[in-house]
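Please read the points below alongside the model.

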Amino acid sequence: MDTEQDNLVPSESVEESPNEEPQPSLKKPQKKKKQKKKHKYEWLVWGVSVLFLSFALTILFSFLTEISISESSPAYICVIVLLVLLFLNIGCDVLANAIISSSPEAYHAMASNKIRGAKRAVTLCRNATKLSSVFADVIGDICGIVSGAAGAVLGVIIAGNGDSTIKLISAIGVSAVIGALTVGGKAIFKHFAIKYNKQIVFGFAKFTTFFKREK
């Protein structure tokens, strides 16, 4: 009798186990479908956001440049505006390269110790693709376009009352100098952006905490 009872017990446990397995398998596909629907048009939303951001920044930069310089402005004001645009262009490119080459794991220890700016640095690294596009493509390209317009005004000021040949040479020379400084500056500082990416990202993240506190 004892042997028959022993044989019945495992048979019941074996029959109960298959009945409990199908439930979790039904819930997993539903979660995956919801996630796909949320991120389906993310690329379109991002593209439209960049479009309006570029439009707004172009108006802002162009307006500030137009009220700052004109053909009757002194040459040193045009040079100052061009230098500001040049440093902004190169600085944004350095920041974009530093963010895209950093990893959020580098700041996890500092974030766990509640160091100011560490959590913001992790957020910057997790959104590296979008932020690098904003800094390098949007702001960088706008600075290049506006600096070209400012350079044309500077060329006219330098040429003065000269003939068309002098004005042409002056415009070409100013454009060549602006292009060389922009491209050469980006090439030089790219090395430092990648080498000191952790310090640059953390410094920028800490700077942003003055305007918006970390959560």
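1. Arg120 sits in helix 6, which covers residues 118-126. The model is a predicted one, and Arg120 is buried in it without a salt bridge. The nearest side chain of opposite charge belongs to Glu214, 5.1 Å away. A salt bridge requires a side-chain nitrogen of Lys or Arg within 4 Å of a carboxyl oxygen of Asp or Glu.

2. Which residues does Arg120 contact, once neighbours within four places in sequence are left aside? They are Ala205, Thr208, Thr209, Lys212, Arg213 and Glu214. Glu214 is thus in this contact list, although Arg120 has no salt bridge.

3. Leu53 belongs to helix 3, residues 42-68. Its relative accessibility is 32%, so Leu53 counts as partly exposed. Not counting residues up to four places away in sequence, Leu53 touches Val134 and Val138. For Leu53 and Val134, the separation in sequence is 81 residues, while their C-alpha atoms are 8.9 Å apart.

4. A nonpolar patch on the surface is formed by Tyr41, Trp43, Leu44, Val45, Val48, Leu51 and Phe52. Together these residues have about 780 Å² of accessible area.

5. Where is Tyr41 placed, given that Tyr41 is one of the patch residues? Tyr41 lies in the loop between helix 2 (22-38) and helix 3. Tyr41 counts as partly exposed because its relative accessibility is 47%, and the limit for exposed is over 50%.

Terms used: Residues numbered from 1 in each chain as written. Predicted model: local features only at pLDDT ≥ 70, side-chain atom pairs only at ≥ 80, totals over all residues. Heavy atoms only, no water. Helix = DSSP H or I, 4+ residues; strand = E, 2+ residues; numbered from the N terminus. Buried < 20%, exposed > 50% of the residue type's maximum accessible area, 1.4 Å probe, protein only. Contact = heavy atoms within 4.5 Å. Lys, Arg positive; Asp, Glu negative; His and termini not counted. Patch = residues over 30% accessible without salt bridge, like charges linked within 9 Å, V, L, I, M, F, W, Y side chains within 5 Å. Areas by Shrake-Rupley, 256 points an atom, 1.4 Å probe, with all protein chains shown as cover.
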